[in-house]
Amino acid sequence: MRILVCKDYNEMSKKAAQMIASQLTLKPDSVLGLATGSTPIGMYKELVSMYEEGLIDFSEVKTFNLDEYFELPKSNEQSYDYFMRENLFNHINIKEENIHIPNGMTDNIEKECKNYDEAIKEAGGVDIQVLGIGHNAHIGFNEPTINFERGTHLVNLKESTIEANARFFDSIDEVPKKAITMGTGSIFKSKKIMLLASGEGKAEAIYNTVYGKVLPEVPASILQFHNDIVLILDKDSASKLDPKDYKLV
Ligand SMILES: N[C@@H]1[C@@H](O)[C@H](O)[C@@H](COP(=O)(O)O)O[C@@H]1O
């Protein structure tokens, strides 16, 4: 596990965007695994700027998002589909057919999950997966539980996750209680993983991810076993780590 610590959120976002840009330079038809949440917004802004400056090109890129709320229409401003278009896709030259986000409005959940896993496989697997992290160390919407799930599946969100995400909705009652998410197994299959975290509120989750026992109760802990993972943190989220374990950048 490589850990890079940046002085603040902006630097973290720049570093992350630079890594995606390098990936696209090396492999213009990369398959990107993308995340939502507040944390990657700065990275998406940087990527849009780089695209506008002609430094990167998304014409051959394919994307797969980690997750989507169940039974929330795409037109809802809080859907992850809406988020991705607002923050990235509407501003770059990605082809519509190359964008993949689980369909939260499906009436056949099993088929939707199976097709999503198949589509990732057909695309050749994810080259680089961007992750945020929940306060309880969830990745995607893989909540703490008793086993690591292999593929895309429907999950019941934890009360703490519903509360954390309520800030985006008018009231907590409007937050969906379920979501479709790639499994921990799908995430783990990515060739490279880049996890971003910012703020004191994530410090404990990061501590447990780096030093904790590898348990499904701490979903991100399994990343300790991945061969090519980098954590890009700001100083606050890294505050519980031993400085000998990271590089200041
Ligand atoms: N499903 C998303 C995760 O992918 C994200 O990592 C997490 C943290 O979000 P934030 O970056 O807003 O703290 O929120 C949601 O639960």
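**Figure 1. The open sheet of the predicted model.** Eight strands, paired in parallel, make up an open sheet with the order E5-E3-E2-E6-E9-E10-E1-E11. Strands (E, at least two residues) and helices (H or I, at least four) are DSSP runs numbered from the N terminus, and two strands pair if DSSP finds at least two bridges between them. Strand E5 (99-100) and strand E11 (247-248) stand at the edges with a single partner strand each, so one side of each has no neighbour in the sheet. The model is predicted: local features need pLDDT of at least 70, side-chain atom pairs count only at pLDDT 80 or more, and totals for chains, interfaces and linings use all residues. Residues are numbered from 1 along each chain as its sequence is written.

**Figure 2. Pairing of strands E1 and E10.** Strand E1 (residues 2-6) and strand E10 (residues 229-234) run parallel and are joined by 5 bridges. Val5 stands opposite Leu233 in E10.

**Figure 3. The buried residues of helix H3.** Helix H3 (residues 80-87) has Tyr80, Asp81, Phe83 and Met84 buried. They lie on the same side of H3, because they cover an arc of only 160° around the axis (the arc is that of the directions from the helix axis to the C-beta atoms). A residue is buried if 20 or more other C-beta atoms, placed from the backbone, lie within 10 Å of its own, exposed if 12 or fewer, and partly exposed in between. The cover over the buried residues of H3 includes strand E2 (31-34), strand E3 (62-65) and strand E4 (67-69).

**Figure 4. Residues annotated as active site.** The "active site" annotation in the unreviewed UniProt entry covers Asp67, Asn136, His138 and Glu143; such annotations may be inferred rather than shown by experiment, positions are in the numbering used here, and feature names are shortened. Asn136 is located in the loop between strand E6 (128-131) and strand E7 (153-156), and His138 is found in the loop between E6 and E7. Asn136 is partly exposed, having 18 other C-beta atoms within 10 Å, whereas His138 counts as buried with 27 C-beta neighbours inside 10 Å. Not counting residues up to four places away in sequence, Asn136 touches Pro144, Lys158, Ser160 and Ala205. With neighbours within four places in sequence left aside, His138 is in contact with Glu143, Pro144, Thr161 and Pro219. Contact requires C-beta atoms, placed from the backbone, within 7 Å.

Methods. Two residues are in contact if their C-beta atoms, placed from the backbone, lie within 7 Å.
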